[in-house]
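Hi,

Here is the structure I promised to pass on. Have a look at it first, and then read my notes below.

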Amino acid sequence: MTTTRTETTPVIPLPATAATALTGLGALSVAASAAMSWTWTSDFPGDLTYYGSPAGLQWLAVAAGVLTLALLLAVHGTPGLRWAAPTRSNNAVLYAATGSFAVAAYSVAAISTELGGLANLEPGGWVLAAGGLLGVLGALGLPLDRRTHVPLRTLDKRLFLLLPAAPVGWIAAHAIPGDKPVAPVMTALSGALAIAAGAVLLLQLGHLANSRLRLGKIDRPLPTPRELPSWVEVLLIVAAFGVGSYAITFGIDTDYGELFIGYLLLVAFVIAALAGSGLLSRLRALTLKYRPVTTGAAFAAAASFPFQTGEQYASVATNILIFATVALGLNIVVGLAGLLDLGYVAFLGVGAYAAALVSGSPASPIHVQLPFWAAVIVGAAVSMVFGVVIGAPTLRLRGDYLAIVTLGFGEIFRITMQNLNGTTGPNVTNGSNGIPRIPELNVFGFDFSQTHALGGLQIGRFGNYYLLMLLVTALVVLVFARVGNSRIGRAWIAIREDETAAEAMGINGFRLKLLAFALGACLAGVAGTVQAHVTYTVTPDQYTFADALPPNSAFLLAAVILGGMGTISGPLAGATLLFLIPKKLEFLSDYQLLVFGAALIVLMRVRPEGLIPNRRRQLEFHEADEPAQPTGDDHTTALTKAGA
């Protein structure tokens with residue numbers, strides 16, 4: 001067992017009153033700056049030139065400043081706000097103030113970079129910058145929950161050679177005339193060096209900040225919540241999902257990359273602040289108490305999305321759900337059974353091709369048009385058969401060997417679909433041209449291609465497919481939840497943890513792994529059936545191992561690991577982020593995969609268990625970490641997996 005010493009002290013020695021006043025002044029300044037002009041020209045996206053009319057990034061400043069001020073007042077016991085910070089920890093205030101500073105610093109940097117210098121800032125921009133800085137300095141002067149000692153972790157010294165190499169590469173790239181053939185190569189190389197150097201510097205600065213700040217968590221007993229009528233608690237759950245739905249809609253609706261980056265920064269710090277305040281724990285307790293209400297509220301919030309936005313964003317949301325559903329299917333194979341599958345996107349393609357062949361496309365050599373429910377069964381069944389056919393001879397392999405075989409299957413599928421073109425093979429898939437003109441769905445007289453009025457609200461084609469895909473996602477979530485909590489699911493987890501020990505206890509490892517492969521392939525086939533109708537055309541190049549845009553096998557695996565293996569919400573969150581980020585940051589198209597790789601490296605170093613891990617996997621990665629001790633005692637006992 002490990003022990004640790006903890007304390008509640010400020011990082012910057014300031015009188016408590018002065019620190020509180022400074023934090024509050026900074027929060028007010030950040031929020032008030034949104035009512036002022038940030039720049040003199042409308043050339044910056046969002047047009048931040050108006051007084052009294054916030055737009056774009058200014059709304060993020062309002063949200064950050066108000067949240068910081070609300071948490072500050074809640075921690076100090078202000079009547080009417082004490083519910084917002086049950087833990088009474090100033091760490092939540094620091095996270096919110098840091099979020100305000102991040103939004104301010106990013107906004108000022110973006111304006112000065114795109115417009116050509118700090119001279120383009122109007123008074124509102126300077127107030128924003130000063131407020132963000134004052135807020136974070138004041139929060140560092142508040143009594144914070146801290147560990148007494150955190151050793152400084154240092155990266156491999158060879159990585160720091162990238163820091164001088166980046167400017168050298170930039171100089172070399174700009175020294176070569178643009179008409180030389182090598183110029184584009186040098187430009188790309190200099191950009192890659194700059195991104196890699198930035199990732200190394202960011203990671204090392206993070207380790208340095210962690211050793212200096214020494215932020216920890218003291219598990220204080222939360223005060224007993226006030227007894228509320230059941231209908232009030234239900235309304236709180238509904239309100240929470242309403243706010244969450246609005247926040248997600250805002251992120252998907254962002255019109256330009258600068259706003260989306262600021263949104264991501266703010267969301268990360270807001271989640272950390274709400275977790276540190278204890279508000280998320282209280283909300284989680286409510287949702288566990290009213291599970292049916294929580295499920296209904298979550299589904300209603302998701303179903304309301306196409307009514308809040310246009311067809312463009314409904315299309316994005318539909319593709320996110322397809323990606324997330326396939327990621328959940330892969331989560332059975334990787335997250336529960338622990339089988340590394342690098343060709344999983346092929347099962348999505350099998351379902352899509354099977355549905356396209358039997359849905360009445362003029363290009364299909366099989367002149368059959370089955371109803372949608374039958375096409376779904378065909379897509380799911382064919383994918384499951386392929387899962388069994390591929391899994392039966394290969395699942396006796398383990399680890400890297402299994403990963404190589406599944407990678408080969410993914411490439412074999414894509415190449416086979418290209419060669420079934422009537423020239424190099426039978427004419428089944430039209431080769432690289434794919435199967436086009438897949439008919440629109442018409443289920444029980446409901447034409448998915450038409451705009452419909454529901455309760456006075458209009459919903460278009462992509463909105464129709466979004467609602468259909470939402471039902472498919474709900475079905476996959478139900479299957480995952482029921483299977484994961486069953487005897488079979490527990491056997492999969494045992495195989496993932498130690499296959500040899502599981503087989504020694506009587507578990508038939510091969511049969512259960514084959515079942516996981518078949519079920520995961522079946523769920524991917526269901527999603528592929530809908531995807532075929534959404535995209536009109538199914539082509540082989542949609543199902544590759546790696547590409548700049550999802551879905552592909554690399555992004556699917558990353559979504560599961562990034563979100564949190566073995567959970568339901570983890571892959572959903574990971575898939576959403578991995579689809580939205582490349583879609584919103586198209587101006588980084590030349591460096592998307594490089595930025596994606598650097599971000600994964602940083603995340604795996606900082607949070608290897610994923611964004612939303614389950615408790616057991618979190619302890620596997622952090623069992624040796626030093627947890628903090630409740631107030632009044634200097635020592636603590638580490639929680640082990642046995643006590644999880």
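**What I found**

Arg-214 and Glu-7 join their side chains in a salt bridge, 3.1 Å from N to O; that term means a side-chain nitrogen of Lys or Arg within 4 Å of a carboxyl oxygen of Asp or Glu. This pair ties together distant parts of the chain: Arg-214 sits in the loop between helix 6 and helix 7, Glu-7 lies in strand 1 (residues 6-9), and 207 residues separate them. Helices (H or I, at least four residues) and strands (E, at least two) are DSSP runs, numbered from the N terminus. In total, the structure has six salt bridges.

Before you go further, keep in mind that this is a predicted model: local features need pLDDT of at least 70, side-chain atom pairs count only at pLDDT 80 or more, and totals for chains, interfaces and linings use all residues. Residues are numbered from 1 along each chain as its sequence is written, and side-chain values use heavy atoms, with hydrogens and water left out.

Next, a helix pair. Helix 7 (residues 230-253) and helix 9 (residues 279-289) have axes that come within 10 Å and cross at roughly 115°. Those axes are lines fitted to C-alpha atoms, for helices over the stretch in contact, with angles running from 0 to 180 degrees between N-to-C directions. Where do the two helices meet? Glu-233, Leu-236, Ile-237 and Ala-240 of helix 7 touch Leu-283, Leu-286, Thr-287 and Lys-289 of helix 9, where contact means heavy atoms within 4.5 Å. Sorted by type, the residues of this contact are five nonpolar, one polar and two charged. Here Ala, Val, Leu, Ile, Met, Phe, Trp, Tyr, Cys and Pro count as nonpolar, Asp, Glu, Lys and Arg as charged, and the others, Gly among them, as polar.

Finally, find Ala-31 in helix 1 (residues 16-33). Leaving aside residues up to four places away in sequence, Ala-31 touches Ala-61, Val-62, Gly-65 and Val-66.

Cheers
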